[in-house]
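Dear colleague,

Please have the sequence and the model open beside you as you read.

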Amino acid sequence: MTAQDLDTLAAPGAAVRTPRRRGLLRNRHVVGYLFLSPWIVGFLCLTLGPILASLYLSMTSYDLFNAPQWLGLENYRKLFFDDERYLQSLSVTFRYVAMSVPLKLAFALGVAMLLNRGLAGLGFYRSIYYLPSLLGGSVAIAIMWRQIFSYDGVINRILEQFGIFGPSWISNPDYSLYTLVTLAVWQFGSPMVIFLAGLKQIPQDLYDAAAIDGAGPLHKFFFVTLPMLTPIIFFNFVMQLIGAFQAFTPSYIISNGTGGPADSTLFYTLYLYEQGFTNFRMGYASAIAWILVGIIASATAISFLSAKYWVHYGDED
Amino acid sequence: MATKTDSPGRAFRPRRFMLHAALVAGAFIMLYPLLWLASASVKPSTLIFSDPSLIPGEIRLQNYVEGWHGAANSFGVFFANSFLIATLAVIGNTLACSLVAYAFARLEFAFKKTLFALMLVTIMLPLHATLIPQYILFNGLGWINTILPIVVPKFLAVDAFFVFLMVQFIRGIPRELDEAAAIDGAGPIRIYVSIILPLLSPALVTTAVFSFLWTYEDFLTPLVYLTSIDNYTVPQGLRLFMASTGVSAWGPMLAMSLLSLVPLFVIFFLFQRRLIEGIATTGLKG
C-alpha cells in the first residue's frame with residue numbers, strides 16, 4: 001500500500017470515493033473511454049476507415065500516384081469476365097481449401113483419438129505432433145518443403161527404394177498444388193490439441209451406457225464420440241476454413257513468388273499481392289480483397305446456418 | 001475410452017504396444033522433414049541430394065558460415081530487425097490489449113455492448129481487407145520502409161483476438177478483489193495496475209508468446225512494408241537465397257532456414273504447456 005492509500009484511509013468518511021480525485025476521472029464514461037482509447041483509434045484508423053476506403057477504391061482505378069478514377073463496377077466485371085488469371089486463382093484456392101481443410105481435420109481427429117486412450121507419454125506425443133503446426137507458417141518450412149518435393153528431393157529418394165520414380169512435384173503443374181496441401185495437412189497439430197481437449201470433456205458414463213447397450217467401438221464412435229464432438233468439429237472447421245482462404249506464404253515461397261508452374265499454385269492472396277504491390281493496381285486489388293471478404297463471410301455464414309442440422313450442443317437435451 | 005487393454009497391471013499388452021509403435025512411427029514421419037533439414041544443413045551442398053541418409057558423414061559448419069553472410073547482408077542484421085519488431089509487438093499487444101480488455105470486462109460506459117460486438121466482428125475480418133488502404137495510409141504518413149506500419153497497430157489493439165482472450169480471463173477474476181481495492185480508495189487505474197495485471201499474467205504470457213511467434217514468422221507484412229535490405233526481417237533474408245538458384249546456395253540456404261527456426265524451438269520448449277493450453281482452451285491457431 002502506498003502513502004496515498006494510507007492518506008485516504010486516514011481521512012474519515014472518504015472511503016469509497018476520494019474527493020480529491022480530479023473531476024474528469026470521476027466520470028465513468030471518461031474513464032472507460034480512456035482505457036478503450038487505443039482500440040478506438042485502431043478501430044477507426046486501421047479497420048473501419050480502411051474498409052470504407054477499400055470499398056470506394058474497389059470502384060476506381062488507382063496507382064498510388066495519380067488521383068483515383070471512378071470506374072463504378074468495372075473492376076468487378078473485369079475480374080469475373082475478363083481476367084483468366086483471377087479465375088484461375090479462385091479455382092486454385094477453392095481446390096486448396098476443399099482438400100486441405102477436411103484432410104487436416106481428419107488427421108487431427110484421428111490422431112487425437114489415438115492419443116486419448118490414457119497412454120503413457122501422452123504429453124510427449126502431443127508435443128511432437130503439435131510442433132509442425134507451430135513452425136509451419138514460416139518461410140523456412142516452405143523452403144524446406146520445396147527442397148523435399150523437388151525432382152531430386154528426399155521424397156523421390158524414398159520412392160526410388162520402392163521402384164517408383166516420382167516427377168518433380170514442385171515444378172509439375174499437375175502435382176504442385178498437392179505439395180501445398182500436404183504442407184497444410186502436416187500442420188494438423190493445433191486442431192488436434194483442440195480435439196484432445198474436447199474428447200476429455202465427453203463423460204465416461206456415456207460410453208459405459210453404450211457398452212451396456214452392447215455397442216462396439218464403431219458404434220461408440222458414431223453414436224457417442226462424433227455427436228458429442230460436433231461443436232468442436234464445427235469450431236475447428238470454421239477456423240481452418242477462414243485460415244485456408246488466406247494462406248499466402250507457402251504459395252509465395254514454393255512458387256518463388258510467381259504462383260507457377262503455369263499458375264497452378266496461384267493462391268488468391270498471391271494474386272491480390274501481385275496486383276496491389278507489384279503492379280500497383282490498388283483499385284483492382286481492393287476489388288479482389290472485397291470479394292475475398294465476401295467469400296469468407298459467406299462460407300462462415302453457410303457453416304453457421306448448416307450448424308443447426310448437425311452440431312449438437314449438450315445443453316439442448 | 002476404456003477398452004479391455006486399459007486394465008491396470010504390468011503384463012505385456014500387445015494392443016497397447018502396437019499403439020505405441022504406430023504413434024512412434026507417426027512421430028518419426030512428422031519430424032522427418034525437420035531431421036532432414038538439420039542433417040542437410042551440415043552436409044556439403046553437393047551431397048544434400050545424392051546422400052539421402054539422415055546421419056551426415058561429417059559435420060561441417062561451413063554452410064552456416066557462408067549462409068550468415070550469404071544473402072547480400074549479414075543475418076545478424078536480419079535477426080536484429082526481426083527481434084526488434086517481435087519484441088515491440090509483444091509489448092504493444094500485452095499493453096494495449098490488457099487496457100482495452102479491462103475496460104470491456106470491468107468498466108461501465110456508453111455503447112459498451114455495441115463496441116464489444118464490433119470488436120468481435122473484427123476478429124473474423126481477413127487481414128487482406130484492410131491491407132491496401134492501410135498501405136496507402138502509411139505511405140501518406142511516410143512510414144514505408146520503417147517498422148512503424150508493423151509495430152504501431154499492435155499498440156492500438158488491432159489483434160482483437162487477444163482482447164477477447166483477456167476479457168474472458170478478467171471475467172474469471174473475482175470482483176470482490178476490485179471492490180475491496182475500491183473501498184481502500186483505489187481508482188480504476190490503480191485497480192488495473194495492482195489487481196488486474198498481476199492476476200492476468202497467464203493470459204499476458206499466452207498473448208506475449210503468440211504475438212512473438214506470429215510476428216516473427218510473418219512474411220506478408222514485412223514484404224509489403226520493408227523495402228530496403230537493411231530493414232529486412234529473417235523471412236525476407238531467407239527469401240533472398242531463392243533468387244540465387246545454383247546448387248552451391250542450397251547448403252547455406254538450408255542452414256539459415258534451420259537457424260531461423262531456433263527461436264521458435266526455444267519458445268516451444270520453454271512455453272510448451274502454455275501454448276497447448278492456450279490452444280486447447282481458447283482455440284488460438286498455433
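This is a predicted model, in which local features need pLDDT of at least 70 and side-chain atom pairs count only at pLDDT 80 or more, while totals for chains, interfaces and linings use all residues. Residues are numbered from 1 along each chain as its sequence is written, and chains are lettered from A and ligands numbered from 1 in the order in which they are written.

I begin with chain B as a whole. Chain B has 14 helices and 0 strands, where helices (H or I, at least four residues) and strands (E, at least two) are DSSP runs numbered from the N terminus. Its radius of gyration is 24 Å, well over the 19 Å that the globule rule gives for 286 residues, so chain B is more spread out than a compact globule; the radius is taken over C-alpha atoms, and the rule is 2.2 Å times the number of residues to the power 0.38. Along the principal axes, the C-alpha atoms of chain B fill a box of roughly 70 × 70 × 35 Å. Buried residues make up 42% of the 286 residues in chain B, a residue being buried if 20 or more other C-beta atoms, placed from the backbone, lie within 10 Å of its own.

Next come the annotated spans. In chain B, an unreviewed UniProt entry places the feature "transmembrane region" at six stretches, including residues 116-138 and 249-271; such annotations may be inferred rather than shown by experiment. Residues 249-271 of chain B are 96% helix and 0% strand, with end C-alpha atoms 34 Å apart, while residues 116-138 of chain B are 87% helix and 0% strand, with end C-alpha atoms 27 Å apart.

Two helices of chain B deserve a look. Helix H8 (residues 160-171) of chain B reaches 17 Å from its first C-alpha to its last, close to the 16 Å expected at 1.5 Å a residue, the expected span being 1.5 Å times one less than the number of residues. H8(B) is mostly covered, with 9 of its 12 residues buried, among them Phe161(B), Phe162(B) and Phe169(B). These buried residues pack against helix H2 (28-57) of chain A as well as several helices of chain B, including H11 (201-217) and H14 (250-282). H11(B) is likewise mostly covered, as 12 of its 17 residues are buried, and what covers them includes H4, H8 and H14 of chain B.

Where the chains meet, 72 residues of chain B are in contact with 83 residues of chain A, contact meaning that the C-beta atoms, placed from the backbone, lie within 7 Å. H14(B) gives the most to the side of chain B that touches chain A, with 11 residues. The residues of that side divide into 54 nonpolar, 12 polar and 6 charged, where Ala, Val, Leu, Ile, Met, Phe, Trp, Tyr, Cys and Pro count as nonpolar, Asp, Glu, Lys and Arg as charged, and the others, Gly among them, as polar.

Finally, Leu79(A) is found in helix H3 (residues 74-82) of chain A and is buried, with 21 other C-beta atoms within 10 Å. Leaving aside its neighbours within four places in sequence, Leu79(A) is in contact with Tyr86(A), Ala287(A) and Ile288(A).

With best wishes

Methods
Two residues are in contact if their C-beta atoms, placed from the backbone, lie within 7 Å.
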